[in-house]
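Student: Could you walk me through this one, starting wherever you like?
Tutor: Gladly, and here is what we will be looking at.

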Number of protein chains: 2
Amino acid sequence: MALSKRTFWAFALLMPAAALAQSPAADIAQQGVGNTVPPCSSCHGPDGQGNPAAGFPRLAGLGSVYLQDQLDAYADGRRENAIMQPIASALSATQRRAMANYYSALAFKPSETNAPQQPISAAAVELAEHGRWDDAIPACVQCHGPGGMGVGDRFPALAGQSANYIASQLRAWRAHKRPAGPMDLMATIANRLDAADIMPVAEYFAAQPSTTAPATNKADDKANDSSTGSAKPAGTPNASGVQASTFVPPARGTIPDNEFGAMVRKGRAIFTDTQQHAARFVGNDLQCANCHLDEGRLADSSPLWAAWAMYPAYRGKNKHVNDFPERIQGCFRYSMNGTPPPRGDEVLLALETYAYWLASGAPVGKALSGRGYPELDAPRQSPSFERGAQVYTEHCALCHGSDGQGQRAADGRIAFPPLWGPRSYNWGAGMHRVNTAAAFIKANMPLGATTLSEQQAWDVAQFIGSHERPQDPRFTGSVADTAKQYHGKYSMYGQTVNGEVLGQNAPPSGTAPAAKTR
Amino acid sequence: MALSKRTFWAFALLMPAAALAQSPAADIAQQGVGNTVPPCSSCHGPDGQGNPAAGFPRLAGLGSVYLQDQLDAYADGRRENAIMQPIASALSATQRRAMANYYSALAFKPSETNAPQQPISAAAVELAEHGRWDDAIPACVQCHGPGGMGVGDRFPALAGQSANYIASQLRAWRAHKRPAGPMDLMATIANRLDAADIMPVAEYFAAQPSTTAPATNKADDKANDSSTGSAKPAGTPNASGVQASTFVPPARGTIPDNEFGAMVRKGRAIFTDTQQHAARFVGNDLQCANCHLDEGRLADSSPLWAAWAMYPAYRGKNKHVNDFPERIQGCFRYSMNGTPPPRGDEVLLALETYAYWLASGAPVGKALSGRGYPELDAPRQSPSFERGAQVYTEHCALCHGSDGQGQRAADGRIAFPPLWGPRSYNWGAGMHRVNTAAAFIKANMPLGATTLSEQQAWDVAQFIGSHERPQDPRFTGSVADTAKQYHGKYSMYGQTVNGEVLGQNAPPSGTAPAAKTR
C-alpha cells in the first residue's frame with residue numbers, strides 16, 4: 001500500500017517529537033509514532049521487503065552503516081526525498097541508528113514479483129557483471145558482490161531490490177539529488193552511464209536472488225555484440241596520460257561452443273574465481289582477477305592478452321627462460337601464496353587456453369601497449385608510511401577494510417582482497433614491491449575512480465608494503481640473507497618499520513589452505 | 001703441374017688403343033698409358049687430391065657411381081671438356097669403372113691451401129648451409145651432407161674441393177656443358193643461383209674440412225641481412241598454385257645474444273639435429289626438420305611459426321585441448337617413434353622457445369597461409385602401389401635409397417631419412433596417412449625440384465604408406481581393433497598389401513634407441 005504525498009505530509013506535521021524518542025525500533029517500524037512518523041512498514045512492507053511495484057525499496061538485509069548514512073542524509077537534506085526527509089528529521093540520531101540496525105538484521109526474502117517483464121538484454125548483463133571499461137565503469141558486482149548480494153556495511157545489496165527504485169537512485173545521482181556516496185563513487189559511475197543503461201541494469205539486479213550464486217545468464221556467453229570488448233579504446237589516455245592500448249581482446253560472448261571453448265571457459269572461471277576452481281593450489285584469499293582486472297582483459301592491469309604473446313621469456317626472478325605455464329606457476333607460488341599446479345595439470349592448461357584466446361590476433365613477441373602496469377617515474381618525495389596511511393584511510397579502507405583484510409560478500413565469497421596479513425600475497429610476489437604496487441594502484445585504484453596522484457600512489461604502496469605478510473617461499477632461514485638474495489631496493493622485506501623487522505614474524509608461506517568460503 | 005691443351009692433344013692422338021686396355025687402374029693413374037692417356041696424377045695429384053690452384057678437381061673419396069658417371073659422360077660427349085673427353089673415350093667402360101673405384105677408395109687429405117683468400121660472406125654461408133627458399137634453392141648441405149662431406153655414391157663431397165673447379169662446374173651446368181645430373185637437380189639449382197653467388201659458395205666448400213663436423217661459422221648467427229628470411233615470398237605461387245604465405249619469420253641471424261637467444265639456439269639445434277640433441281627421446285633416424293623443411297621456416301612445410309600461433313587447440317587425435325608442449329610430445333611419440341620428453345624438460349622448452357621466436361609478429365590464433373601442408377584434392381585415379389613404385393624409383397630413390405632406408409653422410413650422420421621400416425616414423429604418425437604424405441610430397445618433394453603431379457604424389461604416397469613400419473604406440477593388441485579405433489580411410493594400417501596385413505609384423509614402437517651416428 002502506497003501513501004500519497006499529501007496523506008504523508010498530513011501525518012508528519014502533526015507528530016509530537018517527544019513521543020517519538022521513546023519508541024523502540026520495531027514499534028517505529030510497524031506502528032510509526034503518532035502522526036509524525038508513519039509505520040515504515042506501510043511503504044517498505046511488514047518485514048522490510050519493499051514494494052517493488054510502487055518503487056519503495058527493500059530495506060531488509062542492507063548494511064546498517066549504509067542505512068544509517070541514508071537516514072542521516074535525509075535528515076540533513078543531502079538526500080532529497082519529500083517523503084523521507086521529514087521522517088528522518090523527526091528521528092534522533094540514535095533512533096536512526098536503531099532503525100538502520102533493525103532493518104539490516106532482517107533477512108531478505110526473494111520474491112517472484114521481481115521477475116523482469118522482458119528478458120534482460122545481453123548488454124545489461126555485461127554491464128552489471130563486467131562493467132564497461134571503455135567508459136571506465138567497473139562491474140556493479142565488483143563492489144555490490146556476486147549477483148548484487150551486497151558486501152559489508154557500505155555496499156548495499158541490489159539483488160531483489162525494486163527496479164524502479166534502483167533506476168530512480170541512479171537518476172538521483174546524475175541529478176545531484178543524492179549524496180555522491182563514499183569517495184563520490186556512485187555519482188561518478190552513474191554519470192558515466194548512458195540514460196538507456198539505467199532501467200535494464202536495474203531490472204537485472206531486481207531479478208537476482210540474494211545470497212545465492214547469481215543466475216547464470218546465457219546471454220552473457222551468447223552475446224556477440226562488439227560493445228563487449230573491454231580494453232581501453234585507442235586514443236583514450238590511461239591513468240598515466242599515456243595513449244592506451246589499441247589491442248582489443250575478443251568479446252566475452254564470442255567464446256566458441258566447442259571443446260576448445262569449454263577449456264577457455266574453464267580458464268576464465270579459474271581466473272575469476274580461483275578460490276573455487278583451483279582451491280587446492282591457493283593459499284590465501286586472492287583471485288587471479290584481483291591483480292588483472294576485468295577478467296584479465298583490462299589494459300594497464302597486466303592483461304593476459306599482452307602476457308600470453310610475450311612467453312617464453314627469460315626472467316631475472318628465476319634466472320632462466322620460462323614458458324607461460326611456468327609463469328603461471330609463479331603466480332600460484334607467490335601471489336596466491338599457494339602450491340603451483342604441477343605441469344600438465346588442467347588448471348594450467350585452462351589458464352593457458354584462456355590467455356591464448358584473449359590474445360587472439362595479438363602479434364607474437366611484440367610488447368603491446370597496455371602490457372603490465374605502466375611504470376611510474378621515481379617519486380618526487382620519498383614514499384611515506386604516514387602519508388600513505390592517510391591515503392589508505394581515505395581511499396582504500398572503504399573496500400579493503402581499515403585493517404587491510406578485505407571484505408566478503410553476503411555468501412562468504414571474497415569481494416575485496418586482503419592487502420596484507422596471512423591471507424594476502426607473500427613476500428615473494430611482485431606486488432609486494434613498492435614500485436609495482438604503486439604502478440598498479442596509480443593505473444587502477446580506487447576501482448572506477450583512479451584519482452590518486454603519483455605521489456599518493458607511491459605513499460599508499462609504501463604503507464601497504466610495510467605490513468607483514470606470508471614469508472617468501474624462497475626463505476633461506478635468514479631474513480637478511482633472503483633480502484640480499486631476492487629483494488631489491490623497492491622491497492620493504494627486511495626493513496624495520498615501527499620497530500619490527502618485516503619478514504621476521506611472517507606467517508609461513510604456502511601452507512594456509514584456501515578458506516572454505518561457501 | 002698443368003698440361004696445356006695443346007700438349008695433351010699431342011698425347012691423346014698418338015696412343016694405341018690396344019695398349020691401354022691392359023693397364024690396371026693404379027698404373028693408369030700414376031703412369032698413364034703410352035701417349036694416349038697421360039697419368040691422371042699429373043693433373044689430379046699423386047693421390048687424387050687435385051690441384052686447387054689450377055682448378056683440377058680432387059677425385060679422392062668421391063662416390064664411385066658419381067665418378068664413373070662423369071667418365072662415361074666425358075666419353076660420350078655429354079660432359080664437355082677438351083682435356084677429359086679424349087682420355088675418357090680412350091678408356092673402356094670397364095676401365096672407367098676401375099678408375100672410378102680406384103679414386104673413390106682414396107682418402108681425402110685436407111689441405112691448408114684451400115683456405116679462402118678473404119672471409120666467407122654471411123650470404124654464402126647462408127646459401128650453403130640453409131639455401132635460399134625464396135628462390136627455391138635448398139641448402140647445398142642438404143644433399144652433399146654436413147659441411148659438404150658427401151653422401152653415398154651419388155652426392156660427391158664438396159668439402160676441400162677446388163673452389164675454381166666447383167665454380168666452373170656450376171657455370172657449366174648453367175651453360176648446358178655438363179649433364180643436368182640425376183633428376184636434373186644440379187642444372188635446376190645452378191640456374192636458380194645468381195652469378196654472384198657462385199664463387200663465394202664454392203670458396204665456402206673449398207674451405208671446409210671433410211668427414212669432420214663443419215666449421216662453425218659465426219657469420220651464420222651474426223648476419224643480420226634481411227635476405228635470410230626464407231619463407232616463400234608474398235605473391236609466389238607455391239607448388240599447388242596457391243598464393244603462398246606472406247608471413248616471414250625473423251632472419252636466422254637475428255637471434256638475440258642473451259639468455260633467451262641461447263634457448264632459441266638450443267631449440268634450433270634440437271630441431272635440426274634431433275638425433276644428437278634430444279637422443280634419449282628419439283627412437284628412429286629422423287630429425288624434426290625432415291618434415292618441417294628449412295629448420296621449420298618453410299611455408300607449406302608445416303612451419304613452426306604457423307603452428308606456434310595456433311595452440312592450445314583441440315585435437316581430434318587425442319580428443320582434448322593440447323598446448324604446444326603436448327603437441328610436441330606427440331611428435332616424439334609418433335613421428336620420432338620415441339619417448340615424449342616429460343613436461344618441464346628443457347627439450348620441450350627449447351623447442352617452444354624456438355617456435356615462439358620464429359612466430360615473432362604472427363597474429364595469435366589466426367591460421368596463416370603456409371600452415372601445414374596444402375591439402376590436395378581427392379586423386380582422380382585411386383592411388384596405385386604400382387604407379388607409386390615407379391614414381392619412387394624415378395624421383396625418390398636417389399636420396400632415400402631404393403630400399404627406402406635413407407642414406408648417411410660420410411661421418412655416419414643421417415643425410416636422407418628412412419621412409420619406412422624400423423627406423424622410420426611409426427603407424428601413429430600423421431605422415432603415415434596417404435593424404436598427409438601426398439600433401440607433403442606434392443608441396444616439398446623432390447627437394448628443390450617439386451615437379452610431381454598431384455596424381456604422382458598420391459601414388460608415391462600410397463607406395464610409401466604401404467610398407468611396414470613401427471607399431472602404433474596405441475596398439476590395443478589387435479591390428480583390426482587398433483585400425484578401427486585410430487585409423488581412418490587414408491591409412492593403410494590393417495590393409496593387406498602383397499599378401500601381408502600391414503601392422504601385423506610391425507616392429508615394436510618407441511623401443512629402438514637412437515642409433516649412435518658419430
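Student: What should I know about the model and its numbering?
Tutor: This is a predicted model, in which local features need pLDDT of at least 70 and side-chain atom pairs count only at pLDDT 80 or more, while totals for chains, interfaces and linings use all residues. Residues are numbered from 1 along each chain as its sequence is written, chains are lettered from A and ligands numbered from 1 in the order in which they are written, and side-chain values use heavy atoms, with hydrogens and water left out.

Student: How many helices and strands does chain A have?
Tutor: Chain A comes to 25 helices and six strands, where helices (H or I, at least four residues) and strands (E, at least two) are DSSP runs numbered from the N terminus.

Student: And how much of chain A is buried?
Tutor: Of its 518 residues, 57% count as buried, which is to say under 20% relative accessible area, with exposed meaning over 50% and partly exposed in between (1.4 Å probe, protein chains only). Among the contacts in chain A with a separation of 6 or more, 68% come from residues 24 or more positions apart, a contact being heavy atoms within 4.5 Å.

Student: On to the interface: how many residues of chain A are in contact with chain B?
Tutor: There are 27 residues of chain A in contact with 27 residues of chain B. The two chains bury about 2200 Å² between them, 67% of it on carbon and sulfur atoms; buried area here is the accessible area (1.4 Å probe) that two parts lose on being put together, summed over both. Pro312(A), Tyr356(A) and Val364(A) supply 28% of the area that chain A buries against chain B, more than any other three residues.

Student: Which elements give two or more residues to the chain A side?
Tutor: They are helix H14 (259-272), strand S1 (313-315), strand S2 (320-322) and helix H20 (346-358) of chain A, and the largest share, four residues, comes from H20(A).

Student: Is Asp323(A) buried or exposed?
Tutor: Asp323(A) is buried, with a relative accessible area of 1%, and it lies in the loop between S2 and helix H19 (324-335) of chain A. Leaving aside neighbours within four places in sequence, Asp323(A) is in contact with Tyr311(A), Pro312(A) and Arg343(A), and also with Leu349(B) and Glu352(B).

Student: Switching to the core, which residues have the most contacts inside the largest one?
Tutor: Ile441(A) and Ile441(B) do, in a nonpolar core of 161 residues, where such a core is a set of buried Ala, Val, Leu, Ile, Met, Phe, Trp, Tyr and Cys residues joined through side-chain atoms within 4.5 Å. Not counting residues up to four places away in sequence, Ile441(B) touches Leu452(B), Ala457(B), Val460(B), Ala461(B) and Ile464(B).

Student: How many salt bridges are there over all chains?
Tutor: The structure holds 42. One of them joins Asp472(A) to Arg474(A), the closest N and O atoms being 2.8 Å apart, and both of these residues are buried.

Student: What about Arg132(B), what does it pair with?
Tutor: Arg132(B) forms a salt bridge with Asp194(B), with the closest N and O atoms 3.8 Å apart. Arg132(B) lies in the loop between helix H8 (122-130) and helix H9 (140-144) of chain B, and Asp194(B) in the loop between helix H11 (185-192) and helix H12 (195-206) of chain B, so the pair ties together parts that are 62 residues apart in sequence. At 18% relative accessibility Arg132(B) counts as buried, whereas Asp194(B), at 43%, counts as partly exposed.

Student: And which residues of H11(B) are buried?
Tutor: Those are Leu185(B), Ala187(B), Ile189(B) and Ala190(B), and the buried residues of H11(B) pack against helix H10 (163-174) and helix H22 (397-400) of chain B.

Conventions
Salt bridge = Lys/Arg side-chain N within 4 Å of Asp/Glu carboxyl O.
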